[in-house]
Amino acid sequence: MRAAAALRALRQIAAWCLIALRYLAVIVVALAVFSLILLVVGKDPVKAYADTFAYTFGNAYGFSELLVRMSPLLLTAVAVALPSRIGLINVGGEGQLYMGAWLASAGALAFPSLPAWILLPLMAACGFAGGAVWAAVPGILRAKKLVNETITTLLLNYVAPMIISFFIFGPWRGEESSSYPQSAAFTASARLPSFFNTRIHAGLLLALAALLFYWLVVEKTRWGVQIRAIGGNPEAAERLGIPLVLYTVSVMAIAGGIAGLAGMGEVSAIQGRLRQGLSPGYGFAGFLVAWLAGTRPAGILLMAFVFAIITSVGDILQITQGLPYAVVNILMAVILFVVLGRQPGRRETR
Amino acid sequence: MIATLLRGVLAGAILSGTLLLYATLGEVIVERAGIVNLGLEGILLIGASVAFAVASVSGSAYLGVVAAAVAGGITALLFGYLVVSRKANQLASGLALMFFGSGVSALVGKSYVGGVIAGLPKIRVPWLSGLSWVRSSTLFNWDILVYLTIPVALLAWWLLFRTRWGLGVRAVGENPAAAYASGRRPQLLQYQALFVGGLFGGAAGAHLSVSLTRTWNEGMTAGRGFIAIALVIFSKWHPIRAVVGALVFGGAEALQLQLQARGAQVSPFLLDMFPYLLTLAVLLAWGGARRAAAPAGLGRTFYGTE
């Protein structure tokens, strides 16, 4: 009996190791391909990777920055993973993040005198609402069978930053920052607390809570069963009496709201004001995190960490080798290429 | 006043519509072969950066356009390897291509940020450009790519609907298995369609950087690739209707620029949203109804005969 149990545990561990090895192989291949590209343009990939390693693991502060990046990545990844279970592709995390940041800022700027214990939940609610509305629109259009949600969420990514620009160049332009378009600084009570003298902030707890929520809802509740039923076979689910429209719209809205929380975290904890360029593509990176993790919660946690390192490569390339940050997108694309090219897509039924 | 506004919008519609048309035509051909290339945005960016870099180095904007088209074609083949040969998910591969294009274009264009080039030479139409109503505008004083729009749209129509190749491409897009059974090679045709679509996409990006702005900026296509994908639906996967769609959307962009130039009391950021909101409105109005016109095999992976 005991030997059998031990054997089973050993098998389980071996299976995990195999998965981890596979992930590792993907990353190594992608890094190798990216090195070639860097070599072609006359940059030193080994130095770039070594610098990244030294920066992120060399000291406590660098490591803490990885955790800082993980919060928006986790949130935007959950915002992709949740709709994917119902068969929706949400590529609008970036726009939803920006709308969350916008509405959270509205809360912070409108009620600067509220104490933190009221203002921060209010801002979080605003952030959630902003992202939720931004995602509910594609959700409604999809549920009414009008437009595919992929293209609408993508398009709305371009609109959200324009709304922010309108406000920070116009009504919300801070007085002390006349030369640089941004809102006035938030009051202290609108700032999420940070821990241990780093920039790690309460948003990370929020992100972990969102991940837990995702796992609980999808795996442990009746809603989750119905969501997965719709994802598996919408027609059958509808015939069973599951309200398709309601589920589609609310899942999209909740996902958008979760991405909106990432925006709230960025303005409240990191920036302390509303400005452009809040996110170096966290919404898109979150999509990759969720896609690579196969929407498994543990995988999302691991991949969010890996992508926190990968986005650091972008910073390092920018700082030490004078390359644009966007170059790191090549690395992300290559990772996705390797994964997509390695495992032929499953036969899809529609 | 109205006349000058109208003239400005018309002139702008043709200029901004040109790149939308090339991009849309390319995507029409690709989608007719049953493949959705969401990475069109990435191809546009690569086209724009390569065209600008080549034009800056060689001094010839024409060479830049050719290089951009080739780069677009090659990029599309890379996408083809994933979705055709490796049978990867088309949406995810398209998004990967968008990332790839954004990164590669940033790398290619790095040394050219802030630079301005002479751009594609303008060619006046002798008599028409002298008409009094036309003289002070850019009408009939266009670069080669603008003049080529209608011929190229006709060419795309001819290719798709009047050649054996086009018949094959459309057959693959409707039902690859049936096309295979009738002796066609679905994968080869899809690769060919992707390459042609990539050429168009690269040229479209080139028109943005070497003619419209004559500068390079990271991410300068600003979602036009996605607008073009919406235009494909608007034009019911038909090259000639794509001309109308491109003009309407070019017009939206032009109207917004004209209003800004004329000092309209509306924030430029709100006006900037106009083309995107119009795209959404168009998708809303026709997205559902026009799905019937889509190639039946669109977006589905053909697993071949194994």
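## Chain A: overall build

Of the 350 residues in chain A, 49% count as buried. The model is a predicted one, and what follows describes the two chains and the contact between them as that model places them.

Chain A has 13 helices and zero strands. Taken along the principal axes, the C-alpha atoms of chain A fill a box of roughly 70 × 60 × 45 Å. Among contacts in chain A between residues at least 6 apart in sequence, 75% join residues at least 24 apart.

## Helices α3 and α10 of chain A

Two packed helices are described by the angle between their axes and the distance between the axes. In chain A, helix α3 (residues 60-85) packs on helix α10 (residues 244-271) at an angle of about 175°, and the two axes are 8 Å apart. Angles over 145 degrees count as roughly antiparallel, so α3(A) is roughly antiparallel to α10(A).

On the α3(A) side, the residues that meet α10(A) are S71(A), P72(A), L75(A), T76(A), V78(A), A79(A), L82(A) and P83(A). The residues of α10(A) that they meet include V251(A), M252(A), I254(A), A255(A), G256(A) and I258(A). Also on the α10(A) side are A259(A), L261(A), A262(A), G265(A) and E266(A). By class, the contact of α3(A) with α10(A) has 14 nonpolar residues, four polar and one charged.

I230(A) belongs to helix α8 of chain A, which covers residues 222-232. Is I230(A) buried or exposed? A residue is buried if 20 or more other C-beta atoms lie within 10 Å of its own. I230(A) has 24 other C-beta atoms within 10 Å, so I230(A) is buried.

Leaving aside residues up to four places away in sequence, I230(A) touches I86(A), G87(A), A237(A), I242(A), L244(A) and Y247(A). T248(A) is 18 residues from I230(A) in sequence, and the C-alpha atoms of the two are 9.0 Å apart in space.

## Chain B: overall build

Chain B has twelve helices and two strands. From the N terminus on, its elements run α-α-α-α-β-β-α-α-α-α-α-α-α-α. A compact globule of 306 residues would have a radius of gyration near 19 Å, and chain B agrees with this, at 19 Å.

The C-alpha trace of chain B spans about 65 × 45 × 40 Å along its principal axes. Buried residues make up 56% of the 306 residues in chain B. Among contacts in chain B between residues at least 6 apart in sequence, 80% join residues at least 24 apart.

## Where chain B touches chain A

How many residues does the contact take from chain B and from chain A? Chain B gives 38 residues and chain A gives 39 residues. On the side of chain B that touches chain A, the elements that give two or more residues are α4 (90-109), α9 (224-234), α11 (268-272) and α12 (274-286) of chain B. Of these, α4(B) gives the most, with twelve residues.

Sorted by class, the side of chain B that touches chain A has 23 nonpolar, ten polar and five charged residues.

Notes
Residues numbered from 1 in each chain as written. Chains lettered and ligands numbered in written order. Predicted model: local features only at pLDDT ≥ 70, side-chain atom pairs only at ≥ 80, totals over all residues. Contact = placed C-beta atoms within 7 Å. Helix = DSSP H or I, 4+ residues; strand = E, 2+ residues; numbered from the N terminus. Nonpolar A, V, L, I, M, F, W, Y, C, P; charged D, E, K, R; others polar. Buried ≥ 20, exposed ≤ 12 C-beta atoms within 10 Å, placed from the backbone. Axes fitted to C-alpha atoms, helices over the stretch in contact; angles between N-to-C directions. Parallel < 35°, antiparallel > 145°, perpendicular 65-115°, else oblique. Rg over C-alpha atoms; globule rule 2.2 N^0.38 Å.
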